[in-house]
Amino acid sequence: MGIMRFLKLILFSFVFLFLLLTAMGLLFPSKVLVSRAIDMQANAETAQAHVGTLTAWNGWLEGMDKAIFSDNKNNIAQIGNHTVELLSNKNGEVIAKWKGKDGSEMLSTMRIIQHESSPNTTTIQWQFEEEIGWLPWERFGSMMHDKILGAMLEKNLANLKSYIEQSNK
């Protein structure tokens, strides 16, 4: 009789702990946005030429040199563990969908912002947006997105800046 009571206590404790963690996780946002920007000495047209197509990413995006394109328009590429699909490229905004092998999807947006006061200075703002599920480990794990994705964005934007500025010389 005592062992049954102990097993019930363990079961109810796990259920209570799961519900508590789920409730705490629901306090976190369901959408994560990681964004970085960099200024470079180039006009908007030059910047657009280097970010507007997946094939143009080869010069600056880490891992792009090993990309495998899966359509004849070069709008879909396999880069490492992600499939990248170029969805839109218009009005200084490049939108791509990144899909991981685990099925997770992120929306990537690169904005090219021309400075009016200095026509030869352009800002490229790159962001990743991801919808997070309701499970507690997904919500708590999303706290690391800024550290992981942010570092990747900073490194690739720095590569882009040096690539563009070197090609302008």
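Reply: Here is a walk through the salt bridges.

This is a predicted model: local features need pLDDT of at least 70, side-chain atom pairs count only at pLDDT 80 or more, and totals for chains, interfaces and linings use all residues. Residues are numbered from 1 along each chain as its sequence is written, and side-chain values use heavy atoms, with hydrogens and water left out.

Side chains of opposite charge can pair when their charged atoms come close. The structure holds eight salt bridges. The term means a side-chain nitrogen of Lys or Arg within 4 Å of a carboxyl oxygen of Asp or Glu.

Start with R36 and E154, whose side chains meet at 2.8 Å, N to O. R36 sits in strand β1 (residues 31–41) and E154 in helix α4 (residues 145–167), so the pair links distant parts of the chain, 118 residues apart. Helices (H or I, at least four residues) and strands (E, at least two) are DSSP runs, numbered from the N terminus. R36 is buried at 18% relative accessibility. E154 is partly exposed at 45%. Buried means under 20% relative accessible area, exposed over 50%, and partly exposed in between (1.4 Å probe, protein chains only).

The closest N and O atoms of E62 and K155 are 2.6 Å apart. E62 is partly exposed at 49%, and K155 is partly exposed at 45%.

K99 and E105 form another salt bridge, at 4.0 Å, N to O. Finally, K31, E129 and E131 are linked in a network of salt bridges.
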